[in-house]
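Please find below a briefing on a two-chain model, arranged by topic. The sequence and structure are shown first, and the commentary follows.

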Amino acid sequence: MMSARRNLILEVRGLRKSFGGTEVLKGIDFAVQPQELVFIIGPSGAGKSTFLRCLNRLEEPTEGSIFVDGIDLLHPKTDINATRRRIGMVFQAFNLYPHMTALGNVTLALRKVIGLANARAEAIGIAALDRVGLKDKARAYPNELSGGQQQRVAIARAIALEPKIMLFDEPTSALDPELVGSVLAVMRDLRASGMTMVVVSHEMRFAREAAHRVVFMEDGLVCDEGPPTKIFGPDANPRARKFLAGIAR
Amino acid sequence: MDRGTLFIDTFFKPELIVRYLPDILKGMVVTIEIAVLVVVAGISLGLALTVVRSLGSRLLNVLIVVFVDVARALPPLVLILIVYFGLPNVGILLPSYAVLWLVLSLLLAAFAEEIFWAGILSVRKGQWEAARSTGLTYFQALFHVILPQAVRLTVPPLTNRTIAITKNTALGTVIGVPEILNQATTAESFSFNATPLMMGAIAYLVLFVPVVIAGRYIETRFAWRRA
């Protein structure tokens, strides 16, 4: 355990989060190895998204510890902005900046957070858009792009910053079914390139095929985890089996 | 004298037009100067107040809301008279045009703050989250991501409010600011004729009709961009 821990990209211990009097996360332990793709599944209200949003402090955890690539995320002296740059996040609603082109979306943080000159930022931005297959849409505004294209631009915006880990919060839930494939294809490419990823999603087929590990969350706790063959098989925790059976119906 | 001549003599008497045109033009210059300064100061101050309000300090927010509500509730003329006749009593002597500029700027700032604030609130929360998740600081997110969208949403109401408040430069006449209406009423009292007033009205139209049209153009343009 100790030897493995040294190169964990993400290590979470005893994470709790309350909103008002309601405890949404009830003590979560979670670790991610480099280049691992971890899927988080579970019923709505299980705390999956809240958990993911704690991992870059979009939500402030109530208790516990989070280490990202060895950096103590919750330490008061940690430069949260510098650290967030290393944690890519992709949202269900894409959240592209509507007043900027695709390239503008991708280069904003390169210019403002890293401080790159425009030309350098644009070169990196174009390369990132190329990776998601949208180089030719660099000058397009978000409202000129399909949902799938918008989400791929959002992924490019994150990968341009060379994150150590990427968090996906239901990246395909807002997409029309025929557009889901293009986003999953990009995620598959990222996996192949060795990107470490934590994905909250209901794309069970993709989980089965691409995830190294699946975590089943319920009621603010990790109920079960293991390789997809385990979680989707007969040996899974009964509650996970029940949840999956309910989805399959 | 037939009716046509009577009408012309009452409202458009040629020799009076010639005699008072320079005064009215001088008034237009003063009105334009004050209006421009009011727009610049009012909108800048309004934006600054919005930024302060976004920081979420309870004390500052209470002060801002009180200022905004008082400014919006009081008739502008009341404020102008209070400042003009009140401040000298505490040893502050401001020239009349400075009083007019100050009061109208504060008024515009109050309305602009409310409008900008509503604009910021109408930008979806996901925009903040996306910006902050890439490592942008609070102010970077505010200035590069949130405000550009908020300002766009606020252009139509802000244009209307700006026109409404800059028109109030006419109130300067009661404290002797030599703007259009002041020049016109002075000329009227010398000539016992409404022609200078009509010239004043036309001067306002010449100044503000283009602004109103520009406002409508901006409004439709920005509404279209939002879709």
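## A buried position in chain B

B:I165 is buried, because 23 other C-beta atoms lie within 10 Å of its own. A residue counts as buried with 20 or more other C-beta atoms within 10 Å of its own, as exposed with 12 or fewer, and as partly exposed in between, the C-beta atoms being placed from the backbone. The model is predicted: local features need pLDDT of at least 70 and side-chain atom pairs count only at pLDDT 80 or more, while totals for chains, interfaces and linings use all residues. Residues are numbered from 1 along each chain as its sequence is written, and chains are lettered from A and ligands numbered from 1 in the order in which they are written.

**Surroundings of B:I165**

- B:I165 belongs to helix α7 of chain B; helices (H or I, at least four residues) and strands (E, at least two) are DSSP runs, numbered from the N terminus.
- Leaving aside residues up to four places away in sequence, B:I165 touches B:V38, B:G42, B:L104, B:L107 and B:L108; a contact requires C-beta atoms, placed from the backbone, within 7 Å of each other.

**Overall form of chain B**

- Chain B contains nine helices and zero strands.
- The radius of gyration of chain B is 22 Å, well over the 17 Å that the globule rule gives for 227 residues, so chain B is more spread out than a compact globule.
- That radius is taken over C-alpha atoms, and the globule rule is 2.2 Å times the number of residues to the power 0.38.
- Along the principal axes, the C-alpha atoms of chain B fill a box of roughly 80 × 50 × 25 Å.
- Of the 227 residues in chain B, 35% are buried.
- Among contacts in chain B with a separation of 6 or more, 78% involve residues 24 or more positions apart.

- Helix α8(B) has 12 residues and reaches 16 Å from its first C-alpha to its last, close to the 16 Å expected at 1.5 Å a residue; the expected span is 1.5 Å times one less than the number of residues.
- The buried residues of α8(B) include B:I180, B:L181 and B:A187.
- B:F192 lies in the loop between α8 (180-191) and α9 (195-226) of chain B, and its phi is positive, near 50°, although the residue is not glycine.
- Most residues other than glycine have a negative phi.
- B:F192 counts as exposed because it has 6 C-beta neighbours inside 10 Å.

**Overall form of chain A**

- Chain A has 10 helices and 10 strands.
- The radius of gyration of chain A is 18 Å, which agrees with the value near 18 Å for a compact globule of 249 residues.
- The C-alpha trace of chain A spans about 55 × 45 × 40 Å along its principal axes.
- Buried residues make up 46% of the 249 residues of chain A.

**Strands of chain A**

- An open sheet of six strands in chain A has the order β6-β7-β8-β3-β9-β10, with mixed pairing; two strands pair if DSSP finds at least two bridges between them.
- β6 (87-90) and β10 of chain A stand at the edges of this sheet with a single partner strand each, so one side of each is left without a neighbour in the sheet.
- Strand β3 (residues 37-41) of chain A pairs with β9(A) in the parallel sense over four bridges, and A:V38 has A:R213 in β9(A) as its bridge partner.
- A:D219 is in the loop between β9 (213-218) and β10 (221-226) of chain A; this residue has a positive phi of about 55° although it is not a glycine.
- A:D219 is partly exposed, because 15 other C-beta atoms lie within 10 Å.
- Strands β1 (residues 10-19) and β2 (residues 22-32) of chain A pair in the antiparallel sense over eight bridges.
- A hairpin is formed by β1(A) and β2(A) with two residues between them, and A:G20 in the turn has a positive phi of about 60°.
- A:K17 stands opposite A:L25 in β2(A).

**Contact between the chains**

- Chain B places 16 residues in contact with 19 residues of chain A.
- On the side of chain B that touches chain A, α6 (125-133) and α7 (138-167) of chain B each supply at least two residues.

How values were computed. Contact = placed C-beta atoms within 7 Å.
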